[in-house]
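Thanks for taking a look at this one with me.

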Amino acid sequence: MNAQAKSLVQIRDLYKRFSISGDFLDQLKFRGGKLVREQQHVHAINGVNLDVQRGEALCVVGESGCGKSTIARTVMGLLKPSAGSISYGGERIDHLSDRQILPYRRKMQMIFQNPYASLNPRMTIAQTLEEPVRFHNPKASATEVRDKVHEVMQSVGIDPSWGKRFSHEFSGGQRQRISIARALAVDPEFIVADEPISALDVSIQAQVLNLMMDAQESRNLTYLFITHDLSVVEHFGTRVAVMYLGSLCELAPTKALFATPRHPYSQALLSAIPRLEDGRPAHIRLQGEVSTPVNLPSGCVFHGRCPHANERCSREIPTLIATSEGGQVACHAVQEGRF
Amino acid sequence: MALLEVNNLEVRFGLRSGEVTALRDINFSLERGERLGVVGESGAGKSVLGFSILNLLSKPGYIAGGEILFEGQNLAAMSPKQLRSIRGNRISMIFQDPMMTLNPVLTIGQQMVECLLAHRRISRTDARRIAVQKLKQVQIPSPETRIDQYPHELSGGMRQRIVIAIGLLMDPDIIIADEPTTALDVTIQAEIMDLMLDLCERNSVALMLITHDLGIVSQMTRQAMVMYAGRIIEQGPTKEIINDAQHPYTQGLMNALPQMALPGQRLNQIRGSMPPLQNIPTGCAFNPRCDYVMDACRHELPGFTRSGGCRVACHMVAQMKLEEEAAARALEVN
Amino acid sequence: MSEQIQPLDAPPSAWQRFLDSHLWHSFTKDRVAQFSLLIFAAYAIMALLAPLIAPYNPYDPAQIDILNAEMPPSWEAGSDPAFWLGTDAQGRDLWSTILYGTRVSLTIGLCAVVLQALIGIVIGLLAGYRGGRIDSLLMRFADVQLSFSTMMVAIVVLAVFQATFGTELYQELAMVMLILVIGIAEWPQYARTIRASVLAEKKKEYVDAARVIGLKAPRIMFRHILPNTLSPILVISTVQVANAIIAEASLSFLGLGMPVSEPSLGSLISSGFEYIFSGSWWITVIPGAVLISLVLVMNLLGDWLRDVLNPKLYKG
């Protein structure tokens, strides 16, 4: 019960499919002399359950096409789930209308991956930052809006006097700071960060991560942090969720995951990080080709590449089971104690 | 004689706002079978370096000075025709985006065969046989059927393997790889790196690996150079640079990695960002961001100082070396 | 974080930004563009100031004397120094009539394009941003519209109007009718261009950011996406004005355009056409040359804009 009370965002049985067959006319095909309607789907998320606890930084990691960005966008309401629900503070929000969701827009904000595309090139920095403040505080006076914008700009290390400039006059790192400032401008309590540092240089990545950690401390933020970079997760995350082909493989406290990864995929992923050690990389070799989310494999989505897979894995979809380290893992081999 | 020797290379861009120097004082050499890492952040000039070695710079960039000696011949002064016989044949290049190399309307096989026929006098069937064999080398499953597929039918990792196979097609002496795995997932990246390492060792191909990832450099290369704002600031054996970096920028890069800080603690950041080429500070280009900045750094371009097996362009390191030598001499006298 | 803040020069003014822009820079280098703009500006000023520049008012019957009809231009034998470009078949000063005609042609061209742009931008934005069924519906509608040629629609509509309401009313409303017909017939050009660039812009993250703020669709479309599609709008507008002027001239030439009492360049050419074989070539040829050069410089400007504003050509 306690865990329920603490959880801020709840994702329940989430499914998301995208049609890739175009419009109705494109879907009509001739098969054996008959006209049939065929639709192909990308199965981006397949039954994910995830809770974000208040005050934590939950990291979702996985490789491209695993559905991590789709989760971020579905939580933010940018996409409608195909099935399942998303709740915020106990209230279901995934089926709300544009008007009903407005109060939640103040509480939930998002930081994007590409600092070159996430700022409107035709707006000055001040215009970009004033817009959310004005929109959510229609009664605020011009001075109040300006003061608020100055405050957030200062808190992300951007000189307020730069407000009259356009985004193309700033470097990638500065733009990402501005993007963070825009998210902070409405004083949210929950921030979804979709690969916020992967487009940045190493030395700038550190600056932005530090800034996000500062903001978390000073503003009591909760993060849902999407990334493909496990080394960042180790540093930043409270808990880590590892995803593969739209399914959750493992969910564990960061320390536990890095010390003893349980799922074979987590192990492979961890071993593949290029470390600052000389000598050849000693990564776990995965067999087979990466399957696509268009034709999902039966059973466990990872069984085609898994070194420990057996017949059951190709038949039955594993469910999450609790581990001794306080995490959860979805793997038949772990459950049966096969490795 | 080194296989590739670059002396005092200088590259400029004629922009409408004026001439901009993109690379200066570039000196290095690459031996047969050697693996050299070029590390730097975006804007450091590392990709420009890769392009300029093959004289592939497009307008408004041009080689303004220095020489690029490949087996003693200066590539910078060669005719386009001579260059064509070297490009793709003796020196090949692998890019970050495989689709930069692959033509989407030709099958893999057509592209590889065309490439072979352009450089060698062999029959079409022989060319195809060689192509299949190279695909096998890069561990493409069932190469005989894959060879007739189009690039879009393959996954990202597969495409990059094909690009490597094309790079290896002519049995080149040097492969220049510009961020070859940046667009790939970590597990695929690890496989591709493994493969490249293996192929280079087996065929004694020299590899020049351009990347921003220090982890990859430390695992893949024996020599490394770190670039900042168009200059080499530190070069030497990879091991020394990784374990005992001398230049404050290299140290900063290393320390900024998340694995260098305790979990939950702030990362050690370098303040500011790389200056644009039009606006490089006088003196040491790194001085506005450096924690150890001295007066000399603001006025004087630092020369290279030997430190162990490395060459470092830093006033502070130079001064420390002088002091060390003085102390050693003082000890001898005593 | 305070060490991040570095002093910076004052932000450049809008004028300074313009002088630093790629647009201005390439303009200073491109002779053809400079020449075209100069000619176009000259035409625009002439049209705007026609009542001040023109020695006679061609709309005022009191200033027209039929006895002056078909005077040749001043460099031909038998000319009258009062009419340096000669006179037309009704005795109007050709120079004054051309000035007023250019004014009419440009007005129709610009207004028709404003109308096209208004319809096209709204429909293109809606189709591109909403997508799905609305998109399919609007775009099929545009396809249908495009499959009727502009000329055909215009001829049918104008002829029917003339037949139903009589020539007198038609002559009164000719300008409005021409603007409406040309404006409505050509909107799909805009709608398609806008839709294509909206589809590209919609994928960018700043649109998602605006949605995350909670902004409503119209505001995102007009405040965020529209300003980022201005480049293609600008390019297509230049070409479309030229096209509209040609369309008007063609219709006038066919007798469905401006009445002879208030001639545009097209109706002037048309009215002189009967006399071309009787030796009065100037009534047709001089306005024709004016029309051709006007359309040519606009197309040249459009080409130049397209080259400059196409990011693929200079950022690559």
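**Notes for a first look**

1. Let's begin where two chains meet: 36 residues of chain B are in contact with 36 residues of chain A, contact meaning that C-beta atoms, placed from the backbone, lie within 7 Å. On the side of chain B that touches chain A, H7(B) gives the most, with eight residues. By class, that side of chain B has 15 nonpolar, 14 polar and seven charged residues.

2. Before going on, please keep in mind that this is a predicted model, in which local features need pLDDT of at least 70 and side-chain atom pairs count only at pLDDT 80 or more, while totals for chains, interfaces and linings use all residues. Residues are numbered from 1 along each chain as its sequence is written, and chains are lettered from A and ligands numbered from 1 in the order in which they are written.

3. Next, have a look at strand E7 of chain B, residues 174-178. Helices (H or I, at least four residues) and strands (E, at least two) are DSSP runs, numbered from the N terminus. Five of the five residues of E7(B) are buried, that is, 20 or more other C-beta atoms lie within 10 Å of their own, with C-beta atoms placed from the backbone. Ile174(B), Ile176(B) and Asp178(B) point one way, and Ile175(B) and Ala177(B) the other.

4. What about the neighbours of E7(B)? Strand E6 (residues 91-94) of chain B runs parallel to E7(B), joined by four bridges, and Ile91(B) stands opposite Ile174(B). E8(B), residues 206-211, is also parallel to E7(B), with five bridges.

5. Finally, chain C has 14 helices and zero strands.

Note on methods
Nonpolar A, V, L, I, M, F, W, Y, C, P; charged D, E, K, R; others polar. Buried ≥ 20, exposed ≤ 12 C-beta atoms within 10 Å, placed from the backbone. Pairing = 2+ DSSP bridges.
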